[in-house]
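Please open the model in a viewer and keep the selection tool at hand.

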Number of protein chains: 2
Amino acid sequence: MNCSSFGIGLAGLGTVGSGVVLALERNAGLISARTGGRVKLEIARVLVRDLTKLRPVALPDECLTTSWRELVEDPAVDIVVELIGGTTDAFEIVAAALKAGKPVVTGNKALLAERGVELFALSKQHDAPIHFEAAVAGGIPIIKTVQESFIGNRIHSIVGIINGTSNYILERMTSAGLEFPAALAEAQALGYAEADPALDVNGWDAAHKAILLATLAYGFPIDPAKIHVAGIEQVRPIDIEFATRLGYVVKLLAVVREHADGAVELRVQPSFIAQSHILASVHGVFNAVAVHGDAAGESLFYGRGAGQDPTASSVVADLVEAGRSLAQANGHRGFLPYREAGELLPVEETETAYYVRFDVTDRPGVIAEVARVLADAGIGISGTHSPVKPDQPDADFLDMVFLLHTCSFGRLQETLREIESLNCINSAPVVFRIEKL
Amino acid sequence: MNCSSFGIGLAGLGTVGSGVVLALERNAGLISARTGGRVKLEIARVLVRDLTKLRPVALPDECLTTSWRELVEDPAVDIVVELIGGTTDAFEIVAAALKAGKPVVTGNKALLAERGVELFALSKQHDAPIHFEAAVAGGIPIIKTVQESFIGNRIHSIVGIINGTSNYILERMTSAGLEFPAALAEAQALGYAEADPALDVNGWDAAHKAILLATLAYGFPIDPAKIHVAGIEQVRPIDIEFATRLGYVVKLLAVVREHADGAVELRVQPSFIAQSHILASVHGVFNAVAVHGDAAGESLFYGRGAGQDPTASSVVADLVEAGRSLAQANGHRGFLPYREAGELLPVEETETAYYVRFDVTDRPGVIAEVARVLADAGIGISGTHSPVKPDQPDADFLDMVFLLHTCSFGRLQETLREIESLNCINSAPVVFRIEKL
């Protein structure tokens, strides 16, 4: 077995950077097992602005540097992770890494959308890949999906809610009737919007992401100056109110679509979508991207679009990918199974809430009898229901439904056996689990 | 540039097999461009049962064989695709291919769930990967997502609607109040259920898929005999009715969950889920899988779970992956951009329906004037709305909303400029697109 260890040069130890360090620590064993022991990832060097600042993660002092050149040039650094943001220093770091033949992992959508042409050319020239799953929709693997899983598809369209801040603000304007400034202030107070929320609310954050998705789908560079972008600053409660009455919901949508003649439509704006459409159910700071391919048909990918852990999840996946590329001699996936054995939970020990329907002979005391057996077993009742039959007020048989609190399936079965033995119960009860998802 | 051409040995030319041939033909140029010209895939040999049968795809006669040994042993075959189904011949073919060191692509969930332990051991021994994206949820890339994108996540749970036939039947029982046999007959008539629907309706098709997902997430072999599986044959309309009244919907759910002590829960059964949960919106033959990882948080992946094209989409993605593994010297992704230029559609030429709100001075003829300008421009009106203000029956100013048929944004803007010049219009109209998704 080839076991390769790769040194990571991490530029930026902010929210996402710290998340990457924590995720690598927490799940190191898991990652090693899942790659068949082939890829080991270690933080070799970290670029910070201030060496003396207190940090949420423990790193040896000699690991830290304030010089990005030192980081990129360190021979212990095999892969460079750029998480400092912006398009100036970040550009220098990524360009230098590529020129040194080091693969780059970045979450910087502005950088790739604005200066991707130069960077991807360097990537090609120096045969060093750029991985950027974290740049679009945080923890949702939409880059890999479009780039790899849909590789055999002509992509008809990609429509997404890819700015959580705007989605949150529009939702609060809808549910609470807030004006835009009030909803924005609320989002800022909750940490959902940056101190400078311009790129979020003016549509450009979504536009940068849409440019990356369109470049993946259609393969050509897209000039940000040529696309139509409108944000949510001008949205007013009155229009949201009308939308609601008319059966719509207002969402900031990025729309990418290929026309029959090959022309690509790319625009970002607040739009109405039908309340019944699945994208209308994307609430709060969640993101979702609907992809329509000629073979795969309609698909939707939904999840957390930002935040420390979701974004770190994508960075770590890219790091493993970069490690695998470097360890090419054994480039394919780990083998399954990768553990010899594991424990399976017996169904009796699985726990959910339940719906139970009994076919009972109606006589005084039936509910009390059933309820007593349940109580003796320590199973709580959250509701009971038995249909009233207006035309048969004195019917002898009826269906009685109990909604039961969460308990083990084993205890439920035991208890139901006891209830079945009551002489008012006519047949085996019908059981459904009520899933808490 | 290394350009490698790989020969495919296709075992099975049924629905999905034909779809693979068609997708490779249709999108050959796209696949080549997207892999940076590195991977070219060609059908080298096809295993069929009957050489004389008419086929939906044109293949040279010398390509066809009725001997699986001939197919696997053919030196022109670099990658073997198994799409014949079942667990006997399919096992022989896959085992022989792996022993010959040839990567395998398969959509056979029963084979991998029932005999995966043997096959993955062969895969390891002969260093030949098994790709099986098509085995779970058709066109949804859930295998790659769990295996690669979530590689840095401890997976808390995977909950899925992964049998479209059952989902369709349950939905018809819900919407039309049908009994199970009638809904099944309808699904069969529409081609949504096999002539022998046993594995679909008894829960085992979903269970096989859940076993594969759990093996990916937790890495150990799972004995099908040890899991709890119930199908939908026993579901009755009365319980669906109660579910509806209580705010739930009945879905055949596969539930995989890791407990704090490391034990894995795996079960399949019809369950109640809240009508407000996003999984409740998975209709008809669609599939969806909700994955909860410690870093990525909650995600959902939704799309077509079966059918010729969606399943072929996953087979083709796996073929490219297998080709890349074989061409390892340049194992990483193609570069971006892969085209020098492409056409961007000007926003004026983009078309949607619209919501337009005017702030008007109310006097007789206002609606008629606006409507006339729209009619002259050839823009259809699907509805108008202006709020009645019961307390101000003679208000001078009001908001007037028009819902407009699909037209180009350019024509809309032109027409709105003309409307703005009417002296009953007080300010620039508010426009929202109504997206048809």
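**Stop 1: the sheet of chain B**

Select chain B and display its strands: six of them form an open sheet in the order E3-E2-E1-E4-E5-E6, with parallel pairing. The edge strands of chain B are E3 (64–65) and E6 (130–131), each of which pairs on one side only. Helices (H or I, at least four residues) and strands (E, at least two) are DSSP runs, numbered from the N terminus. Two strands pair if DSSP finds at least two bridges between them. Strands of a sheet pair through backbone hydrogen bonds, either parallel or antiparallel.

The model is predicted; local features need pLDDT of at least 70, side-chain atom pairs count only at pLDDT 80 or more, and totals for chains, interfaces and linings use all residues. Residues are numbered from 1 along each chain as its sequence is written, while chains are lettered from A and ligands numbered from 1 in the order in which they are written.

Next, select strand E2 (residues 39–47) of chain B, which pairs with E3(B) in the parallel sense over two bridges. Here Val46(B) has Leu64(B) in E3(B) as its bridge partner.

**Stop 2**

H4(B) lies across strands E1 (4–11), E4 (79–82) and E5 (104–106) of chain B, running at about 165° to E4(B). Axes are lines fitted to C-alpha atoms, for helices over the stretch in contact, and angles run from 0 to 180 degrees between N-to-C directions.

Angles under 35 degrees count as roughly parallel, over 145 as roughly antiparallel, 65 to 115 as roughly perpendicular and the rest as oblique.

Which residues of H4(B) and H5(B) meet? From H4(B) come Ala90(B), Phe91(B), Val94(B), Ala95(B), Leu98(B) and Lys99(B), and from H5(B) come Leu111(B), Arg115(B), Leu119(B), Leu122(B) and Ser123(B). This contact of H4(B) with H5(B) divides into eight nonpolar, one polar and two charged residues. Ala, Val, Leu, Ile, Met, Phe, Trp, Tyr, Cys and Pro count as nonpolar, Asp, Glu, Lys and Arg as charged, and the others, Gly among them, as polar. Two residues are in contact if their C-beta atoms, placed from the backbone, lie within 7 Å.

**Stop 3: helices H13 and H14 of chain B**

Select helix H13 (residues 366–376) and helix H14 (residues 409–420) of chain B, whose axes come within 10 Å and cross at roughly 150°. H13(B) is therefore roughly antiparallel to H14(B). In this pair, Val370(B), Val373(B) and Leu374(B) of H13(B) meet Thr415(B), Glu418(B) and Ile419(B) of H14(B). The contact residues of H13(B) with H14(B) comprise four nonpolar, one polar and one charged.

**Stop 4: where the chains meet**

Display both chains. The contact takes 104 residues from chain A and 104 residues from chain B. On the side of chain A that touches chain B, E10(A) contributes the largest share, nine residues. That side of chain A divides into 54 nonpolar, 30 polar and 20 charged residues.

Select strand E10 (residues 264–274) of chain A and strand E16 (residues 430–434) of chain B: the two run parallel and are joined by two bridges. Ser271(A) stands opposite Arg433(B) in E16(B). E16(B) also pairs with strand E13 (residues 351–361) of chain B, in the antiparallel sense over five bridges, and there Val356(B) stands opposite Val431(B).

Then select strand E16 (residues 430–434) of chain A and strand E10 (residues 264–274) of chain B, which run parallel and are joined by two bridges. Arg433(A) has Ser271(B) in E10(B) as its bridge partner.

**Stop 5: the axis**

How are the two chains related? A rotation of 180° with 0.0 Å of shift along its axis superposes chain A on chain B (RMSD 0.0 Å). That is the relation of a two-fold axis. Copies are superposed by least squares on the C-alpha atoms of residues with pLDDT of at least 70 in both. Finally, select Phe301(A): in chain A, its C-alpha is the nearest to the axis, 2.4 Å from it. Of the interface residues of chain A, 100% are also interface residues in chain B, so the copies meet through the same surface.
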